[in-house]
Amino acid sequence: MAEKPKVRMIPLGGVDEIGKNMTVFEYGDDIIVVDCGLIFPQEDMLGIDLVIPDITYLTKNRERVRAFFITHGHEDHIGAIPYILQEVPAPVYGTRLTMALVENKLKEHKVSGYQLNVVKPGDTVCAGSFSVGFLKVSHSIAGAVALAIESPAGTILHTGDFKIDYTPIDGESTDLSGIAALGNKGLLALLADSTNVERAGFTMTERNVMETFKSLFRDAKGRIIIASFASNVSRIQMVVDVAVRFGRKIAFVGRSMVSIVKIAMQLGELRIPEGRLLDIDDLDRYNDEEIVIMTTGSQGEPMSGLMRMAYGEHRKVRIKPSDLVILSSSVIPGNEKFVSRVINQLYRCGATVIYESLAEVHVSGHACREELKIIHTLAKPRYFIPVHGEYRHLCQHAKLAVSLGMSEKNVIIPELGSVIELSATGASVVGSVPSGSVLVDGLGIGDVGNVVLRDRKHLSQDGLIIVVMAIDCEQGVLVSGPDIISRGFVYVREAEELMENVRNVVRRILGDYDRIEMQDWNTIKARVRDELHKYIYEQIKRNPMILPIMVEI
């Protein structure tokens with residue numbers, strides 16, 4: 001009997017983490033890639049701007065990559081595109097707003113010459129052995145889609161980020177009938193969003209936020225300042241609609257907010273009535289009760305609009321005691337301290353502050369348990385692979401699938417880089433490919449690794465001592481120094497005795513040599529490091545980085 005055709009699925013991001021979403025599908029000589037996201041650096045990644053997936057496997061197989069398919073326009077799904085397209089050039093497919101955001105991102109990075117293709121729900125695109133269909137789903141950004149990926153081995157449904165909202169702001173709900181049709185036809189595998197699997201029930205509808213906004217706007221006496229994700233176009237539209245209802249004009253603050261609003265208006269995804277859009281330079285021409293300001297900074301980002309307003313550093317807007325400030329977002333794990341800091345500062349300014357724990361000013365864009373059950377029941381997949389979540393989310397989603405009647409042997413919890421082979425007769429992990437994180441620091445991509453991060457952490461904790469010694473090579477003697485330079489270690493003027501003792505330690509080491517030869521320099525520098533480490537720790541229990549420098553004169 002002939003062997004059944006097999007398709008491979010390889011997660012390069014988006015599993016065991018929230019963000020950096022990227023999944024590879026492979027059949028024969030053809031590869032397609034779903035999403036190209038980034039993740040923002042953790043606290044211990046000092047100086048790092050962002051983190052993107054390791055695409056070593058794709059670069060080695062770039063000739064086989066037929067296309068990139070993007071589920072929606074959030075940073076954790078499109079943020080790595082400017083970096084990855086330059087290494088793996090291939091056509092990119094996505095809905096209208098998604099492609100507009102991708103195009104804008106490529107322009108920002110001065111990257112051009114790539115093929116961007118706009119599709120709409122219901123369309124199908126052929127890419128090598130694959131045929132990819134687009135299904136509308138509800139999320140916190142317009143243009144979000146699920147992907148029906150058809151191959152000779154069978155059809156795989158990739159939900160992307162989604163929820164089931166029966167009363168969405170844009171009027172277009174998740175295509176449950178399309179998912180049911182795929183299930184009735186026979187689905188090889190389901191890859192589903194696991195972000196909110198720990199939450200029982202259903203995700204609240206955006207209409208709840210609308211009612212909360214109406215109540216807050218009705219009672220507000222001064223300016224209303226709302227911080228939200230710039231990409232949440234549905235939330236921006238909601239704020240505009242409520243502002244118009246209560247006779248207010250709206251201004252936008254923050255580079256990303258202004259950029260996305262401009263793009264969404266050009267595409268018709270955001271509608272602002274004539275005369276209601278307010279330039280930030282014209283705020284002084286209107287009374288406070290006529291103004292709504294929508295800004296970035298819901299996560300307490302240091303350079304965001306809201307943070308600069310709170311600390312009086314914004315050129316156009318300062319927080320007043322009469323302001324009502326609304327943080328219309330949930331806190332991304334890891335950002336709790338930053339958000340708490342900006343909320344505290346807003347209170348110090350005397351403003352009234354409303355956030356998620358006080359009122360329904362935000363709803364998630366991800367499906368909760370009951371919504372996930374609906375998708376599983378409609379899709380009826382042979383195999384299930386949870387994605388888009390930390391490891392605990394993936395495990396909980398796997399348990400949910402089993403509770404709905406799926407056999408445990410048909411559920412695979414993926415690891416980054418694992419190669420999962422799927423066919424009508426079985427599913428298994430058959431190997432792995434290089435995977436992980438590539439750190440982006442300024443224009444440097446991947447040139448900062450664990451050693452550099454370790455040094456940065458060391459410098460941030462204990463500071464740096466530079467020991468400069470000038471050597472006369474002909475005479476073999478010290479002619480200048482040792483000079484001690486301290487950065488982030490101690491304030492030299494208040495630690496003169498310690499600095500002099502440090503010099504004496506170095507002088508003693510050099511005094512052990514009748515003649516300082518160049519071939520001894522490495523040995524001398526190693527002794528200086530070791531003995532100074534020991535001396536300084538004995539004196540003040542600190543462990544600075546020590547950098548000896550020997551200069552030839």
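**Close-up views of a sheet and its helices**

**View 1. Three strands, E24-E23-E25 in order, make up an open sheet with mixed pairing.** Strand E24 (477–487) and strand E25 (545–552) stand at the edges, each with a single partner strand, so each has one side left without a neighbour in the sheet. From one strand to the next, the twist averages 15 degrees. As a reminder, strands of a sheet pair through backbone hydrogen bonds, either parallel or antiparallel. Please keep in mind that this is a predicted model.

**View 2. Strand E23 (residues 464–472) runs parallel to E25.** How many bridges join E23 to E25? There are eight bridges between these two strands. To find your way along the pair, look for Val-467, which stands opposite Pro-548 in E25.

View 3. Helix H14 (residues 496–511) lies across E23 and E24, and runs at about 145 degrees to E24. Helix H15 (residues 521–540) packs on the sheet too, where H15 touches E23 and E25. The direction of H15 makes about 145 degrees with that of E25.

**View 4. Helix H6 (residues 206–219) and helix H7 (residues 233–245) cross at roughly 35 degrees, with their axes coming within 10 Å.** This crossing of H6 and H7 is right-handed. Which residues make the contact? From H6, look for Glu-206, Val-209, Met-210, Phe-213, Lys-214 and Phe-217; from H7, they are Arg-235, Met-238, Val-239, Val-242, Ala-243 and Arg-245. Sorted by type, the residues of this H6 and H7 contact are eight nonpolar and four charged, with no polar ones.

Technical notes:
Residues numbered from 1 in each chain as written. Predicted model: local features only at pLDDT ≥ 70, side-chain atom pairs only at ≥ 80, totals over all residues. Heavy atoms only, no water. Pairing = 2+ DSSP bridges. Helix = DSSP H or I, 4+ residues; strand = E, 2+ residues; numbered from the N terminus. Axes fitted to C-alpha atoms, helices over the stretch in contact; angles between N-to-C directions. Contact = heavy atoms within 4.5 Å. Left-handed = near helix turned anticlockwise from the far one by under 90°. Nonpolar A, V, L, I, M, F, W, Y, C, P; charged D, E, K, R; others polar.
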